[in-house]
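Student: Hi, I have a structure open and would like to talk it through. Can you help me pick a place to start?
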Amino acid sequence: PVAVTADLDALPMDASIALLDHPYLANLPKELRVSSRMTGEVSQPFSAQSISADGWLQVSWPDGELMVTGRGTFERWSVDEMSLAVPGATATAKGLGRADRVSAEMKIDAHDPKTLLDYVDRWRPGLAHLGIGGGPVFVSAGLEGTLSQPRTTGSFPWLHPEAAPYTLDEIHGTFAGGTPSLDWIVIDSAAAGVQVSADGTIRWNGFQTDGLWTVGIEDLGMLPVDVPQEMGHLRGFVEGGGRFAWSLDDWLVDGAVDARDVAAGTIHLDTIGVWFEATPERFDVGEIRLDAGDAFVRATGSLAPTDLTGDLQASLDFAEVDIGELGSPVAGTVSGNLKLSGSPALPEAVGMVAWAPPENTELVDPLIVTVSLAGGVAQADISGWETAAGPVSGRAVIPMGDLPRPEWLWPEAPGGPLRANLDGLGLR
């Protein structure tokens with residue numbers, strides 16, 4: 001056999017890559033240099049199947065390096081070690097292959113996910129603006145299949161993951177898939193008795209994913225949250241789920257969350273439910289419901305969160321809510337409704353509140369208050385409220401201009417003091 005040795009020492013590759021003019025090669029880092037040492041043998045008479053070789057290859061650039069050592073023949077080869085280092089992560093792999101098959105093991109240590117995404121953003125624009133950070137992430141994976149259609153499976157823990165503005169202690173995930181798509185599952189146990197999970201499919205063409213999410217809390221009292229001492233022990237069971245979809249230029253999340261037997265101190269709710277759908281353009285609340293015996297609260301709403309002049313629609317209905325249980329010094333129950341319209345910056349409202357005194361009260365009849373909000377001025381009216389001393393009517397007007405509020409809310413609202421008048425002619 002004929003022995004062959006080849007050495008390269010920091011050979012510049014930018015000019016050669018530019019001559020090939022291939023779209024994939026255009027995405028390679030600049031200032032690439034290649035070093036290697038290859039030792040091989042070729043049997044006589046010559047044939048491709050008679051070639052065998054071993055050696056190492058190093059590809060370096062200013063902020064990264066790829067190193068491969070291996071050996072093999074034309075039909076069968078082995079990668080003894082492959083290592084990749086880029087800003088925010090390192091990866092290692094080893095495996096075996098034939099002309100039509102590959103088998104490998106990989107490990108990835110993304111010690112700084114935010115730095116890694118900032119680096120990858122040059123090829124997948126938009127990743128750097130996702131607000132993802134925390135870490136590290138440790139990935140273990142296996143690769144099987146053909147070179148044209150490999151399939152990978154693996155798992156990972158992600159410590160202290162961040163997806164602005166949220167931070168968790170740890171999540172675990174698994175994945176399986178190939179070149180067209182990858183199926184994945186992520187499970188987070190934020191605290192004892194609390195589990196959040198999501199599963200979906202990543203499609204590499206367009207870099208998009210969609211799937212389902214679920215949440216379950218065995219007891220709200222197990223959450224690591226501070227509850228005011230006067231509220232006593234918090235309890236309740238929560239479950240929910242829905243859909244999600246995400247791509248580099250769009251996203252959607254929807255679902256429903258239900259809580260049962262929720263209590264804190266003297267407050268007890270039989271059920272709490274929320275149904276919602278959120279996109280970058282709109283946030284819709286299909287329904288919020290609270291039930292406690294004969295009392296209930298219902299609400300719906302819709303707004304454009306990024307457009308302060310966009311359409312705002314919301315409604316609130318409630319009945320027989322015991323305000324004494326809510327800490328009010330006034331006993332009795334309230335019922336009523338409120339309709340919101342306008343825009344987030346210039347909301348308008350109209351509604352009414354009816355107060356029913358306790359059954360053993362004979363001094364006053366039920367009170368009905370009509371309320372409105374327009375042009376940055378709130379108004380409340382009562383008319384002919386029957387009391388033991390006679391009928392009472394009144395009006396209160398509250399200009400919003402001098403009240404603390406965000407600068408964008410009612411920017412031209414009039415100012416001035418609260419004005420109120422009470423008419424008790426004929427009181428005895």
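Predicted model: local features only at pLDDT ≥ 70, side-chain atom pairs only at ≥ 80, totals over all residues.

Student: Okay, which ring is W184 paired with, and how are the planes set?

Tutor: W184 pairs with F244: the ring centres are 5.7 Å apart and the planes meet at 40 degrees, so the pair is tilted. W184 sits in strand β14 (residues 181-191) and F244 in strand β17 (residues 234-247), so this pair links distant parts of the chain, 60 residues apart.

Student: And F244, buried or exposed?

Tutor: F244 is buried, with a relative accessible area of 14%.

Student: How many aromatic pairs are there in the whole structure?

Tutor: A search finds 5. One of them is W355 with W385, an edge-to-face pair at 6.5 Å centre to centre and 80 degrees between the planes. W355 is buried too, at 16% relative accessible area.

Student: Which rings form a cluster?

Tutor: W213, F276 and F283 do, linked by ring pairs.

Student: Switching topic, what's the secondary structure like?

Tutor: The protein has 2 helices and 28 strands.

Student: And what about the overall dimensions?

Tutor: The C-alpha atoms fill a box of roughly 125 × 45 × 30 Å along the principal axes. The radius of gyration is 33 Å, whereas a compact globule of 428 residues would have one near 22 Å.

Student: How much of the protein counts as buried?

Tutor: Of the 428 residues, 30% do. The protein exposes about 25600 Å², with carbon and sulfur atoms supplying 60% of that.

Conventions
Residues numbered from 1 in each chain as written. Heavy atoms only, no water. Helix = DSSP H or I, 4+ residues; strand = E, 2+ residues; numbered from the N terminus. Rg over C-alpha atoms; globule rule 2.2 N^0.38 Å. Buried < 20%, exposed > 50% of the residue type's maximum accessible area, 1.4 Å probe, protein only. Areas by Shrake-Rupley, 256 points an atom, 1.4 Å probe, with all protein chains shown as cover. Phe/Tyr/Trp six-rings, centres within 6.5 Å; stacked < 30°, edge-to-face > 60°.
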